[in-house]
Amino acid sequence: MAAEMVQGVIEIMDSAHNYQYELAEVIEGIKNLQYQINSSSDASKKQVEEHFTRLKSALIAAMDKRLNQLLNEIEHIRNTALKPLDECKTLVDESLKLAAQVMEEGTLILSNEPEKNMEKIIKFKDNPMTKSLSSVPAIPGPSEVACVNVSLSPDFQKQMESVIAMEGKVMARAPVQIIDAIEKPGSLLIQWADEADEDVEISEFWLQYAMGSYKNLNESNAVFHTAYVGLLTSYLTKHLRTQTPYTFRVCGRGESDTPWSAWSIPRVAVTTIDHYQWGPSEGKAYGLSNENKTATRTSEGLSHVLFSNIASFLPGNTLTIKVLDDADKSPGDGLCISLTNTKTDAFGQEGVIYVNLYGIVFVDGQEITMKLPEIKKGSVVAFQAELLPNRKVRVSVQTENKEVTFDWKVDTSSNSTSTAETIMLFSSATTQNNLGFFFGIKFSQEDWKIAVD
């Protein structure tokens, strides 16, 4: 009885401990949400302040510029209109001086016995200055000269205030949000959704990523790279480091000439699945480079076959094999996916899908009807697999826009993904009974160069 009571206490303590752990996780979640609210609010306030500071400077500069333009126009009209009047006034002033001289000369003649100075009178009358007294300059009427006015809009201030009042929009959430980040070999499949209002239609998206967690990023050290711009709502971001956090963000817009929306809530994701890579080459028949993603056939070694390091091609993923360089073709050479990595001489056996260099596809050693283009330098061969009921796998092989698709019944009894190591590696990436495939190549002639992605 006492032992049962003690055990009950232990169980209650265990429950309390687990409860504490769960509550600690809740607290951590609350802290993360608080950080999201506070950091986004602070960043938005800074963005608004900087934006309106720029607007103020630009607005004052534009107003000063327009003010100077109007003042210069007034001065130009003034100077243009006054010039002929100033010239006319100068002429009148000269005529006044001439009339004064004539009057002075006439007064002098009349004051000195004019009857005895007829010669001076005749000369006075014939003087050109005397004859010009009858010419009076004409001046324009008031309606013929400028009368400067300015037309200013009485509603402009209200219009300007109205425009400023419409600038900016505060949103609790951006109209596009990342909804999932799915681990893939050496990559992450980022999916997002349009959460905009019904009256806002978003048709183009822009996905960016930066290495590191957004909590450790700021404007001075964040280096975001464009991963995708287009119409799709998902994108596979490749060539990522495993066990390394990446921050993703996405935004959208309607027409191509409209501005982009605000960025989504940053999403931090990590891929724990190593990128596809070739396994060790027996006898150094293949030289490996580019983090073991590229294999080059050498002149050494008796084996012509090279497999991946593990059965890493999983249903739901895509395997891409690229021919970077080619050489002479030999019978039996080609590419494969296989349940095992024990085929050391040929690929035409059960448990293997094999595509030879002439585009002929073999399933479990049997040739199928449909044929792919010839495989040569520059060829890109993509394998896709989808797990179906009854232990069947729907396989698609595509190259040069031609595709063959078939259902393959596989025997997984020999599949090495049942080993503890492979299950540990891929249990987090797939729930499809841990079914995985090796991929392999076989080349007899040296200088074939093959990359896997």
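Predicted model: local features only at pLDDT ≥ 70, side-chain atom pairs only at ≥ 80, totals over all residues.
Four bridges join strand β2, made of residues 187–194, to β5, and the two strands run antiparallel. From here the briefing turns to the sheet, the nonpolar cores, a pair of helices, a hairpin and some single residues.

**The open sheet**

- Strands β1, β2 and β5 form an open sheet of three strands, in the order β1-β2-β5, and the pairing in this sheet is antiparallel.
- Strand β1, which covers residues 176–184, and strand β5, which covers residues 234–237, are the edge strands, since each of them pairs on one side only.
- From one strand to the next, the twist of the sheet averages 20 degrees.
- As a general point for reading any such sheet, the side chains in a regular strand alternate between the two faces of the sheet.

**The nonpolar cores**

- The largest nonpolar core has 39 residues, and within this core Ile337 and Trp408 are the residues with the most contacts.
- Strand β16, residues 380–388, gives the largest share of this core, namely four residues.
- When neighbours within four places in sequence are left aside, Trp408 is in contact with a number of residues, among them Ile337, Leu339, Val352, Ile353, Val363, Val393, Val395 and Phe437.
- The contacts of Trp408 also include Asp364, Arg391 and Lys392.

- Helix α1, residues 2–110, packs with helix α2, residues 118–126, at an angle of about 165 degrees, and their axes are 11 Å apart.
- Because angles over 145 degrees count as roughly antiparallel, α1 is roughly antiparallel to α2.
- The crossing in which α1 passes α2 is left-handed.
- On the side of α1, the residues that take part in the meeting of the two helices are Val102, Glu105, Gly106 and Ile109, while Lys120, Ile121 and Phe124 are their counterparts in α2.

- Two residues lie between the strands of the hairpin, where Glu400 takes a positive phi near 50 degrees.

**Residues with positive phi in other loops**

- Gln243 lies in the loop between β5 and β6, the latter covering residues 246–253, and its phi is near 60 degrees, a positive value in a residue other than glycine.
- With a relative accessible area of 55%, Gln243 is exposed, because the cut-off for that word is over 50%.
- Asn290 is found in the loop between β8, residues 286–289, and β9, residues 294–297, and it too is a residue other than glycine with a positive phi, in this case near 55 degrees.
- Asn290 has a relative accessible area of 47%, and is therefore partly exposed.

**Met211 and Thr247**

- Met211 lies in strand β3, which covers residues 204–211, and at 43% relative accessibility Met211 counts as partly exposed.
- Although Met211 and Thr247 are 36 residues apart in sequence, they are 6.3 Å apart in space, taken from C-alpha to C-alpha.

Definitions and conventions:
Residues numbered from 1 in each chain as written. Heavy atoms only, no water. Pairing = 2+ DSSP bridges. Axes fitted to C-alpha atoms, helices over the stretch in contact; angles between N-to-C directions. Core = buried A, V, L, I, M, F, W, Y, C linked by side-chain atoms within 4.5 Å. Buried < 20%, exposed > 50% of the residue type's maximum accessible area, 1.4 Å probe, protein only. Contact = heavy atoms within 4.5 Å. Parallel < 35°, antiparallel > 145°, perpendicular 65-115°, else oblique. Left-handed = near helix turned anticlockwise from the far one by under 90°.
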